[in-house]
Amino acid sequence: MMTSLIRNTDGVTKRVWRLARPVTHSVTESFLKTWTSKPVPYLWFAWVGVLSLLPGELKAGLHTRGTFHVPAHALVFALSALMACRSVKGTLGRVVPCLVVIGYGCLLEALQSLISRSQFEWDDLATDACGVVVAFLLATWVEAIRKARQATCG
């Protein structure tokens, strides 16, 4: 693929054609490189996993059921999605990390139902997914605003 570049040398403007730079890595490679560079995401997701899989007696002490149960699920998974997408650019690039976070929520719900011998909580998984979608939309909106500002500011 060819791209053009306009050069202004010695007061003369001319169009120069050159080969486009190839994409050096895929979205998945970029995602994995980001995750292996810092321990914070690992600690965050470990914390979410530990709190999700606590025994019933300990969860009761944390008051995990009640008025704030649904908003807490949405907030934790929205923050998880934002953390997973923190250095990924582009709408399409955020899809993979967000799907991974939803998959993590599904895994936690499955483990909870196996460990505590309870029913799979589909409503919790739906709430987790809604939190991820809100974070995805928020990140996309913020990126669009940044691009618009950069375009107007030069």
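## Exercise 1: Getting the overview

Read along the sequence, the chain of this predicted model runs in the order β-β-α-α-α-α-α-α.

**Task.** How many helices and strands does the protein chain have, and what share of its residues is buried?

**Solution.** 
- Step 1: Count the elements; the secondary structure comes to 6 helices and 2 strands.
- Step 2: Turn to burial, where the cut-off is under 20% relative accessible area. Buried residues make up 27% of the 154 residues in the chain.
- Step 3: Have a look at the contacts too. Of those with a separation of 6 or more, 56% are between residues 24 or more positions apart.

## Exercise 2: Checking helix spans

**Task.** What span should the 26 residues of H5 have at 1.5 Å a residue, and how far apart are the end C-alpha atoms?

**Solution.** 
- Step 1: The expected span is 1.5 Å times one less than the number of residues.
- Step 2: For H5 that gives 38 Å, and the end C-alpha atoms are 38 Å apart, so the two agree.

## Exercise 3: H5 and H6 side by side

**Task.** At roughly what angle do the axes of H5 and H6 cross, and are the two helices roughly parallel or roughly antiparallel?

**Solution.** 
- Step 1: Two packed helices are described by the angle between their axes and the distance between the axes.
- Step 2: The axes of H5 and H6 come within 10 Å and cross at roughly 160°.
- Step 3: Angles over 145 degrees count as roughly antiparallel, so that is the label for H5 and H6.
- Step 4: The crossing of H5 and H6 is right-handed.
- Step 5: Now find the residues that touch. On the H5 side they include Val95, Cys98, Val101 and Ile102, and on the H6 side they include Leu125, Val132, Phe136 and Ala139.
- Step 6: Compare with burial. Among the buried residues of H5 are Cys98 and Val101, while those of H6 include Leu125, Val132, Phe136 and Ala139. Val95, which is in helix H5, is partly exposed, with a relative accessible area of 31%.
- Step 7: Check what else H6 meets; its buried residues pack against helix H4 (69-84) as well as helix H5 (91-116).

## Exercise 4: Two partners for H2

**Task.** Which residues of H2 make the contact with H5, and which residues of H2 meet H4?

**Solution.** 
- Step 1: Start with H5. The axes of H2 and H5 come within 10 Å and cross at roughly 25°, so these two helices are roughly parallel.
- Step 2: The contact is made by Phe45, Val48, Gly49 and Ser52 of H2 with Val101, Tyr104, Leu108 and Gln112 of H5.
- Step 3: Move on to H4. H2 and H4 pack at about 160°, their axes 11 Å apart, so H2 is roughly antiparallel to H4.
- Step 4: Here Val40, Pro41, Trp44, Phe45 and Val48 in H2 meet Val76, Phe77, Leu79, Ser80 and Met83 in H4.
- Step 5: Finish with handedness: the H2 and H5 crossing is right-handed, whereas the H2 and H4 crossing is left-handed.

## Exercise 5: Pairs of rings

**Task.** How many aromatic pairs does the structure hold, and why is the pair of Phe45 and Tyr104 edge-to-face?

**Solution.** 
- Step 1: The structure holds 3 aromatic pairs.
- Step 2: The ring centres of Phe45 and Tyr104 are 5.3 Å apart and the planes stand at 80°, so this pair is edge-to-face. The cut-off for that label is over 60 degrees.
- Step 3: Phe45 lies in helix H2 (residues 40-52) and Tyr104 in helix H5, so the pair ties together parts that are 59 residues apart in sequence.
- Step 4: Phe45 is buried at 12% relative accessible area, Phe120 is partly exposed at 22% and Trp122 is exposed at 60%.

## Exercise 6: A positive phi

**Task.** What is the phi of Arg117, and is this residue buried or exposed?

**Solution.** 
- Step 1: Most residues other than glycine have a negative phi.
- Step 2: Arg117 has a positive phi, near 55°.
- Step 3: Arg117 is in the loop between H5 and H6, and at 73% relative accessibility it counts as exposed.

Technical notes. Residues are numbered from 1 along each chain as its sequence is written. This is a predicted model: local features need pLDDT of at least 70, side-chain atom pairs count only at pLDDT 80 or more; totals for chains, interfaces and linings use all residues. Side-chain values use heavy atoms; hydrogens and water are left out. Buried means under 20% relative accessible area, exposed over 50%, partly exposed in between (1.4 Å probe, protein chains only). Helices (H or I, at least four residues) and strands (E, at least two) are DSSP runs, numbered from the N terminus. Contact means heavy atoms within 4.5 Å. Rings of Phe, Tyr and Trp (its six-membered ring) pair if their centres lie within 6.5 Å; planes under 30 degrees apart count as stacked, over 60 as edge-to-face and the rest as tilted. Axes are lines fitted to C-alpha atoms, for helices over the stretch in contact, and angles run from 0 to 180 degrees between N-to-C directions. Angles under 35 degrees count as roughly parallel, over 145 as roughly antiparallel, 65 to 115 as roughly perpendicular and the rest as oblique. A crossing is left-handed if the near helix is turned anticlockwise from the far one by less than a right angle, and right-handed if clockwise.
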